[in-house]
Amino acid sequence: MVCKNCQLCGREGQADLVCSWILADGEVTEACWCVCKDCRQHLEDRVWSVYRELLGM
């Protein structure tokens with residue numbers, strides 16, 4: 001899916017739908033954001049840093 005703007009920086013233009021799982025209150029849910037190319041790597045780095053902490057890596 002292609003979005004019309006980035007939900008992280010607000011920039012208008014092509015953005016992709018990026019999804020991740022979120023663990024909250026013992027339940028796993030899926031969360032999705034429209035993210036531009038510039039913000040995507042930053043988001044992925046943040047998500048992976050949380051997973052690494054949870055897994056003790």
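Arg11 is partly exposed, with 43% of relative accessible area; here buried means under 20%, exposed over 50% and partly exposed in between, with a 1.4 Å probe and protein chains only. The model is a predicted one, in which local features need pLDDT of at least 70 and side-chain atom pairs count only at pLDDT 80 or more, while totals for chains, interfaces and linings use all residues. Residues are numbered from 1 along each chain as its sequence is written, and side-chain values use heavy atoms, with hydrogens and water left out.

Because Asp38 belongs to helix H1 and Arg11 to the loop between strand E1 (2–5) and E2, the pair ties together parts that are 27 residues apart in sequence. Helices (H or I, at least four residues) and strands (E, at least two) are DSSP runs, numbered from the N terminus. Asp38 itself is exposed, at 56% relative accessible area.

A search of the whole structure finds two salt bridges. Arg40 and Glu44 are four residues apart in helix H1, and so about one helical turn separates them. Both partners are partly exposed, Arg40 at 34% relative accessibility and Glu44 at 26%.

Helix H1 deserves a look of its own. Its 19 residues (37–55) should span 27 Å at 1.5 Å a residue, and the end C-alpha atoms lie 28 Å apart, which agrees; the expected span is 1.5 Å times one less than the number of residues. Cys39, Leu43 and Val47 are buried in H1. Viewed down the helix axis, the buried residues of H1 fall within an arc of 65°, so they line one face; the arc is that of the directions from the helix axis to the C-beta atoms. An α-helix has 3.6 residues a turn, so residues three or four places apart point the same way. Strand E2 (12–24) and strand E3 (27–35) are included in what covers the buried residues of H1. On the face turned away from the buried side, H1 carries the exposed residues Lys37, Asp38, Trp48 and Leu55. After H1 comes Gly56, with a positive phi near 70°.

Ser20, in strand E2, is buried at 11% relative accessibility. Apart from neighbours within four places in sequence, Ser20 is in contact (heavy atoms within 4.5 Å) with Thr29, Glu30, Ala31, Trp33, Val47 and Tyr51. Leu23 is also placed in strand E2, but Leu23 is exposed, with a relative accessible area of 57%.

Trp21, Leu23 and Val28 make a nonpolar surface patch of about 390 Å². Patches consist of residues with over 30% relative accessible area and no salt bridge, like charges being joined within 9 Å and nonpolar side chains (Val, Leu, Ile, Met, Phe, Trp, Tyr) within 5 Å. Accessible areas come from the Shrake-Rupley method with a 1.4 Å probe, and for residues only the protein chains shown count as cover.

Gly26 sits in the loop between E2 and E3 and is exposed, at 71% relative accessibility.

Technical notes. A salt bridge is a side-chain nitrogen of Lys or Arg within 4 Å of a carboxyl oxygen of Asp or Glu.
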